[in-house]
Amino acid sequence: MSSTFNPEPTDAACIAAIRTLAADVVGKANSGHPGAPMGMAPVSHVLFTRFFKANPKNSKWFNRDRFVLSNGHACALQYIMLHLLGYRLSMDDLKAFRQLDSLTPGHPEANHTDGIEVTTGPLGQGFANGVGLAIAQSHLGAVYNRENFDLINNYTYVFTGDGCLMEGVASEAASMAGHLQLGNLIVIYDDNHISIDGDTAVAFTENVEQRFLAYGWQVLRVDDGDNDLAAIHDAIAHARAEKSKPTIICLRTTIGYGSKQQGTHGVHGSPLKADDIQMLKSKFGFPADQTFYVPKETYDAYRAVALRGAQLEASWTSLLARYAKSYPNEHAELTRRIAGELPVGWEKSLPVYKPVDPAQASRKLSEIALTAITPALPDLMGGSADLTGSNLTRVKGSVDFQPPSTGLGNYKGTYIRYGVREHAMGAIANGLSAYGGIIPYVGTFLNFVSYAAGAVRLSALSKHQVIWVATHDSIGLGEDGPTHQPIETAVHLRSIPNLDFWRPADGNETSAAYLVALKSKETPSVISLSRQNLPNLEGSSIDRAARGGYVLYDVEGEDLTLVSTGSEVAIALEAAHKLKAEGVKARIVSLPCWSVFDKQDREYRLSVLRSGAPILSLEALSTVGWQKYSHEQYGLSGWGASGPYQKVYEKFGITGTNIAAVSKKVIAFYKQQGRVVSPLVKAL
């Protein structure tokens with residue numbers, strides 16, 4: 001088959017400019033990874049000049065192609081391409097690579113640098129993000145495209161390396177992408193046989209091509225990724241033509257191509273020496289004594305690419321305007337979703353509860369909330385890691401997101417069967433959020449959110465609005481025992497910046513968790529839910545719980561305040577009633593979300609956790625972190641136990657009777673200490 005590649009006179013100079021800039025960028029910082037950018041310069045040039053659809057002057061154009069650098073340590077390459085294409089990244093920004101407060105940090109960061117779609121660096125995450133981006137396009141295209149209105153049809157391109165393919169999260173995501181037949185996903189594998197430890201022969205000798213064939217991918221190979229531009233071009237063209245499978249292009253490259261250390265791990269994570277950089281420039285016909293040199297014809301070539309992108313967006317905008325006339329309702333909904341706005345009045349559909357309503361597990365209350373709000377929020381795209389019947393995440397009447405050929409659903413479907421792939425699920429959800437127009441929620445047991453910790457962390461860092469429905473959230477799950485009972489998980493999640501960890505105590509608090517989570521456009525949330533039934537509490541309300549903490553039961557002149565979350569709030573109330581019978585006054589504070597409570601004004605926080613009496617926290621989890629909100633803490637200092645949940649609670653003393661006894665000890669101790677000041681009163 002003859003090649004469709006049309007060479008341009010500027011190709012060689014453009015590729016040389018990318019390679020020498022990579023050496024200069026990393027060299028000036030004296031930190032970074034020059035090797036992969038130098039090796040991937042040809043494929044970057046071919047992809048962005050011949051195929052990539054984007055407008056650098058509007059990096060948020062909705063139908064742009066998405067690019068993910070999964071091997072994020074090679075970010076000098078991405079920054080160079082963004083600069084050449086005319087994004088808001090200057091030569092001075094390149095010179096500030098890896099410097100404090102620069103736009104060119106050590107790994108790509110979404111919402112920081114213009115043109116970066118997702119934050120990468122932790123290997124394999126970007127690969128899975130790419131699967132999420134591809135799912136988002138497939139779904140939104142199926143929902144909104146009409147005959148003669150192919151509005152949403154972009155591709156997702158992912159650069160990946162050996163390290164990414166070693167990571168389990170990439171394997172999970174690749175397996176899922178093959179099952180979902182994502183023909184809009186094209187992965188280019190930088191097969192340079194080098195990792196930090198040296199040649200991949202020491203640890204990574206599997207047959208990657210056979211592995212991806214087994215996943216159901218189209219596998220293409222380019223043997224000379226250093227020079228054969230026609231083969232690179234034709235492989236990408238072939239990948240784009242395959243509509244029923246994702247494609248991986250195995251691109252054999254030489255890391256650090258052109259340098260004295262090419263092909264070795266010496267160019268993986270260290271800058272080139274000055275004489276090597278000079279030799280490199282001479283080899284490519286560039287002035288050896290000039291740094292950050294870019295020929296005029298290179299800028300001109302990329303300026304033409306940017307102009308083409310602007311024209312593509314203008315054509316798309318015109319198409320969207322015509323779409324509005326033919327499909328006004330769909331247009332209104334699509335543009336609202338693109339803008340990231342929620343439908344007016346959606347929150348009115350949230351369930352409201354009274355104390356007389358029957359006790360239910362908060363996982364069931366979550367299902368009721370999702371069932372109520374889903375008709376008003378087409379933006380929601382849910383799923384579970386093979387625990388749908390336990391997490392209760394699938395709203396009745398939902399259609400599964402599946403390839404139509406399977407007969408199991410279609411791409412309009414809003415429920416994703418993630419299989420037992422928690423880590424990929426979290427990273428894919430990040431991609432769904434990054435695409436725009438979709439609010440993903442995902443389900444598993446709280447304990448197994450730990451499997452996805454890397455993805456959850458990047459949700460928070462990247463400001464992705466991902467909602468975790470995390471059920472079976474304590475020793476209250478009972479018989480499954482300590483392997484499944486999360487003790488330390490909440491501590492970890494609460495400590496992550498820009499993540500809201502909710503542990504609601506009843507129906508109103510569950511609705512409040514969804515209210516705040518759905519309004520928090522730049523913050524992921526974990527909603528921690530019980531397996532066992534919880535009563536609806538006197539004094540709870542959506543508005544009060546939405547502040548993160550509030551006084552559930554108040555008395556004047558209290559001897560003690562009990563502060564708790566989730567399933568233990570009712571136990572704290574039981575203890576308070578027992579104390580009241582003995583003439584002891586106890587207030588009850590429910591604190592379903594620490595981070596949201598922390599954002600309230602100081603006066604409010606001090607009115608909830610006030611001075612004057614000791615504060616005792618109660619939670620059937622680790623007590624770590626409660627010192628900020630209480631003087632004394634009661635919880636678990638070790639692992640849980642297997643048995644009926646009531647017996648497990650009794651074993652650890654988390655009963656109304658025992659907490660009442662513990663409370664009296666606390667009261668007696670602090671009466672000897674004099675005035676008790678709120679733990680919130682601090683110097684810093």
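A salt bridge is a side-chain nitrogen of Lys or Arg within 4 Å of a carboxyl oxygen of Asp or Glu. I began with that, then opened the model, which is a predicted one.

**Entry 1: salt bridges**

I looked up the total. The structure holds 28 salt bridges. I picked out a network of them: Asp 473, Arg 494, Arg 503, Glu 568 and Glu 619 are linked in it.

Next I went to Arg 64. Its side chain meets that of Glu 117 in a salt bridge, at 2.7 Å from N to O.

Then I turned to Arg 146. Its partner in a salt bridge is Glu 330, with the closest N and O atoms 3.5 Å apart. This pair also links distant parts of the chain, 184 residues apart. Arg 146 sits in the loop between α6 and β2, while Glu 330 belongs to helix α13. Arg 146 is partly exposed, at 25% relative accessible area. Glu 330 is partly exposed as well, at 24%.

**Entry 2: helix α9**

I moved to α9, residues 208-215. Which of its residues are buried? I wrote down Val 208, Arg 211, Phe 212 and Tyr 215. They cover an arc of only 90° around the axis, so they lie on the same side of α9.

I then checked what covers them. The cover includes helices α6, α7 and α8 and strands β3, β6 and β7.

The two ends came next. At the N-terminal end, Asn 207 caps α9. A side-chain oxygen of Asn 207 lies 3.1 Å from the backbone nitrogen of Glu 209. After α9 comes Gly 216, which has a positive phi, near 95°.

I returned to Arg 211, one of the buried residues of α9. Its relative accessible area is 15%. Arg 211 forms a salt bridge with Glu 206, and the closest N and O atoms are 2.4 Å apart. Glu 206 is partly exposed, with 39% relative accessible area.

**Entry 3: aromatic rings**

I looked up the ring pairs. The structure holds 26 aromatic pairs. A pair of rings is described by the distance of the centres and the angle of the planes.

I took Phe 127 and Trp 217. Their centres are 5.9 Å apart, with 35° between the planes, and the pair is tilted. Phe 127 lies in helix α6 and Trp 217 in the loop between α9 and β6, so the pair ties together parts that are 90 residues apart in sequence. Phe 127 is buried, at 1% relative accessibility. Trp 217 is also buried, with a relative accessible area of 1%.

I then took Phe 445 and Phe 448. The ring centres are 5.9 Å apart and the planes stand at 15°, so this pair is stacked. Both Phe 445 and Phe 448 are buried.

I also noted one aromatic cluster. Its members are Phe 48, Phe 52, Phe 67, Tyr 155, Tyr 157 and Phe 159.

The charged end of Arg 66 sits over the ring of Tyr 435, 3.9 Å from the ring centre. The charged end of Lys 651 sits over the ring of Phe 652, 5.8 Å from the centre.

**Entry 4: two serines**

I looked up Ser 528 in strand β14. Its relative accessible area is 0%, so Ser 528 is buried. Which side chain joins that of Ser 528 in a polar contact? I found Asp 473, at 2.8 Å. Asp 473 is also a member of the salt-bridge network. Leaving out residues up to four places away in sequence, Ser 528 touches Leu 446, Ala 470, Asp 473, Phe 501, Trp 502, Arg 503 and Pro 504. Among them, Arg 503 belongs to the network as well.

Ser 678 is buried, with 1% relative accessible area. Apart from neighbours within four places in sequence, Ser 678 is in contact with Leu 606, Leu 609, Arg 610, Ser 611 and His 631.

Methods: Residues numbered from 1 in each chain as written. Predicted model: local features only at pLDDT ≥ 70, side-chain atom pairs only at ≥ 80, totals over all residues. Heavy atoms only, no water. Buried < 20%, exposed > 50% of the residue type's maximum accessible area, 1.4 Å probe, protein only. Helix = DSSP H or I, 4+ residues; strand = E, 2+ residues; numbered from the N terminus. Arc of directions from axis to C-beta. Contact = heavy atoms within 4.5 Å. Polar contact = N/O pair within 3.5 Å; in protein donor to acceptor, adjacent residues only side chain to side chain. Phe/Tyr/Trp six-rings, centres within 6.5 Å; stacked < 30°, edge-to-face > 60°. Lys NZ or Arg CZ within 6 Å of the ring centre and 35° of its normal.
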